[in-house]
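This report describes a structure chain by chain and then turns to selected helices. The sequence and coordinates come first.

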Amino acid sequence: MSETTPRGKVMWLIGILVVILYALIPVAWITSLSFKAPDQVGDRKFFSGFSFDNYEAVFSDNTFLAALINSIGIALIATFISIVLAALAAYATSRLDFKGKAVILSGALAVAMFPPISIVGSLFDMWRAIGLYDTWPGLIIPYMTFTLPLAIYTLSAFFREIPWELEQAAQVDGATPFQAFRKIIVPLAAPGVFTAAILVFIFAWNDFIFANTLTSTDAARTVPAALAFFTGASQFEQPIGAVAAAAVVVTIPIIIMVFIFQRRIVAGLTAGAVKG
Amino acid sequence: MAQITLDNITKRYPDGFEAVKDMSLEIEDGEFVILVGPSGCGKSTALRMIAGLEDITDGELRIGDNVVNDKAPKDRDIAMVFQNYALYPHMTVRDNMGFALKLRGTDKGEIDEKVGEAARILDLEQHLDRKPANLSGGQRQRVAMGRAIVRDPSVFLMDEPLSNLDAKLRVQMRTEVSRIQQRLGTTTVYVTHDQTEAMTLGDRVAVMRSGQLQQVGSPMDLYNEPVNLFVAGFIGSPAMNFMPATVEGDHVKLPIGDVKLPQDVRERVGRAEGKQLIAGVRPEAFEAAALTGEAHDRGMAFNAHIDVVESMGSELYAHFSVDSDQSIESAELRELAEDAGGGEVPSAGEEGRIVARLDPASEVTEGQDAELWVDATRLILFDPEDGRNLTTSQQGPAATGGQGTSGREPEAANRQDDAETMTGTDGGDQPGATGATRM
């Protein structure tokens with residue numbers, strides 16, 4: 001391989017740098033914007049002064065705080081329900097042979113195929129009719145529905161990797177099927193559970209279409225939707241700095257999530273196989 | 001402690017395939033029974049039905065006095081050792097072994113005590129806090145055993161527990177399994193495809209073929225009095241030699257010459273006179289003619305051109321071929337030939353190739369003619385059509401339940417002696433003999 005020669009090493013480094021720059025420049029730019037004072041926002045410099053004004057403005061804004069709480073709550077609940085349901089469904093489809101299994105799997109795939117924009121209009125009407133409009137469940141339900149197929153497919157791939165014998169060993173050891181599932185299968189599929197959880201959480205956290213359409217007040221509006229309604233510290237200012245600060249703030253939970261779970265995923269993958 | 005009764009057990013899959021056909025077997029309390037047979041013979045399915053991991057299509061299964069056909073594995077008071085051990089990779093050795101007790105709600109102190117005791121028996125004490133991934137194959141195997149022991153179940157089920165180990169470790173663990181079983185005295189059903197394991201471990205061995213029980217008996221019974229061609233060819237290493245034979249008067253005509261039959265055998269095979277039969281001769285029924293001494297009159301001397309001589313130190317294996325215008329045809333032998341390939345059995349049932357086990361004092365050399373002798377009393381004749389043993393006084397395939405298991409201890413000691421003489425070819429078997437005295 002060319003990496004062994006000095007020339008190859010340099011090329012390799014350049015490649016890595018290009019990718020890192022490509023990925024990080026927008027993030028760095030919005031971070032730098034968030035630290036600028038209002039009069040420096042338009043100066044097109046990467047670094048000009050350092051001020052926490054924007055963050056103070058963002059956190060003194062009740063709308064943003066409410067949105068942050070909505071986002072965290074809705075995303076966590078949607079993730080939890082979705083993963084529990086997906087784990088049960090994935091277990092059933094990967095371990096049992098029953099009539100209609102193929103229908104369930106293709107049905108799940110079909111759900112994932114609908115673009116959210118195509119159903120959001122009718123959901124708006126339905127939710128208003130049955131009183132789910134502008135509530136947490138009103139967002140949790142579509143998030144859960146749209147992420148279930150992905151979670152089911154991810155989890156069943158992990159479940160299939162776990163040898164049947166482990167479960168049978170647990171049964172012989174005196175476990176009920178549910179105990180075997182909870183104490184053996186789920187812990188072993190933990191990397192899969194966390195992978196699926198991250199994907200579901202990110203979907204729910206980042207969604208804009210549903211959040212924007214199905215909410216109207218602080219009662220359920222999540223951060224992505226709230227950002228669109230941002231006005232800044234006063235109505236005479238461009239809210240760019242504040243939007244940038246809010247964007248940085250909403251990115252942080254995702255980064256934390258990924259870092260925590262990534263460690264778990266790697267730990268799970270290296271915990272070792274069953275056979276030698 | 002419990003006996004197990006299989007009463008006309010059948011396993012039929014939805015596609016109509018019968019993995020186990022009408023199997024009846026009685027396993028006494030504390031007995032060590034081996035189910036042996038080539039792959040696909042239904043032995044694992046039978047074991048899994050006892051475990052409750054496989055539904056029973058027909059028949060009745062009793063453990064102790066209870067019919068357990070419809071009971072879940074957890075309600076059968078059994079412990080199973082799986083072929084790939086099925087250790088829980090996310091738990092430490094301690095937790096693996098204590099899992100069943102924890103599920104049962106045993107208190108912490110008692111679990112620790114029992115796990116500690118099992119670990120002592122199995123020499124696992126310093127590994128208790130490690131994960132299975134960090135253990136060697138033999139250690140994992142012992143953990144799997146430990147998981148079964150800790151529970152103190154009424155029945156141990158073992159599904160080829162040693163087949164994932166390398167040859168040396170397998171011999172070592174074989175002794176270990178035997179020692180543990182004798183120490184605990186727990187009823188054990190052990191599945192293997194390795195006839196050496198079957199011969200050395202079991203109180204009784206049940207040979208299976210295509211879902212049917214062929215013969216159940218002590219290892220020596222199976223070796224000396226196989227009911228049919230299949231059992232004869234399956235048990236023993238090197239395998240029994242087969243050649244075409246015809247009975248004429250009080251003689252049997254073999255490719256190596258005419259052998260005079262002993263009187264009792266002569267009476268039993270009388271009806272088959274003139275018919276083409278298959279003769280089976282164990283390798284040790286041959287000897288160099290010069291060394292036979294008094295026994296000489298029991299058999300027949302003949303000349304053979306020796307192709308290969310394998311010297312084992314304690315004995316010689318002389319390979320030679322016989323020519324015959326007849327050929328032997330039997331479904332059972334074909335099946336055996338297909339199954340051989342494990343490498344442990346030299347020229348298993350290969351047509352026209354004969355292996356003789358000779359005394360090292362016999363002077364045979366490769367490529368030379370030698371005068372050999374065959375013991376007529378050890379000659380077994382089979383009917384090629386149904387594979388039945390015509391020479392034996394025993395009856396055909398019948399699962400006669402556990403006779404003679406009362407005097408367990410002395411019997412176990414005998415068993416080890418038998419095993420040693422039988423598999424004396426295998427130097428690694430020596431620990432097997434000491435294992436019996438160590439308990």
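This is a predicted model: local features need pLDDT of at least 70, side-chain atom pairs count only at pLDDT 80 or more; totals for chains, interfaces and linings use all residues.

Residues are numbered from 1 along each chain as its sequence is written, and chains are lettered from A and ligands numbered from 1 in the order in which they are written.

**Chain A**

Chain A has twelve helices and zero strands; helices (H or I, at least four residues) and strands (E, at least two) are DSSP runs, numbered from the N terminus. The C-alpha trace of chain A spans about 70 × 70 × 30 Å along its principal axes. Of its 276 residues, 32% count as buried, that is, with 20 or more other C-beta atoms within 10 Å of their own, against 12 or fewer for exposed and values in between for partly exposed, the C-beta atoms being placed from the backbone. Among contacts in chain A with a separation of 6 or more, 74% join residues 24 or more positions apart; a contact means C-beta atoms, placed from the backbone, within 7 Å.

**Helices α7(A) and α8(A)**

Helix α7 (residues 164–172) of chain A packs on helix α8 (residues 177–188) of chain A at about 135 degrees, with their axes 10 Å apart. Axes are lines fitted to C-alpha atoms, for helices over the stretch in contact, and angles run from 0 to 180 degrees between N-to-C directions. The angle makes α7(A) oblique to α8(A), the class left once angles under 35 degrees (roughly parallel), over 145 (roughly antiparallel) and 65 to 115 (roughly perpendicular) are set aside. The residues in contact are tabulated here.

| Helix | Residues in the contact |
|---|---|
| α7(A) | A:Leu166, A:Glu167, A:Ala170, A:Gln171 |
| α8(A) | A:Ala180, A:Lys183, A:Ile184, A:Ile185 |

**Contact between the chains**

In the interface, 20 residues of chain A are in contact with 23 residues of chain B. On the side of chain A, α7 and α8 are the elements that give two or more residues, and α7(A) provides the largest share, six residues.

**Helix α4(B)**

The 14 residues of helix α4 (residues 137–150) of chain B should span 20 Å at 1.5 Å a residue, and the end C-alpha atoms are 20 Å apart, which agrees. The expected span is 1.5 Å times one less than the number of residues. Eleven of the 14 residues of α4(B) are buried, so the helix is largely enclosed by the rest of the structure. The buried residues of α4(B) pack against β6 (78–81), α2 (93–104), α3 (108–122), β7 (155–159) and α5 (167–184) of chain B. Just after α4(B), B:Asp152 takes a positive phi of about 50 degrees.

Definitions and conventions. Two residues are in contact if their C-beta atoms, placed from the backbone, lie within 7 Å.
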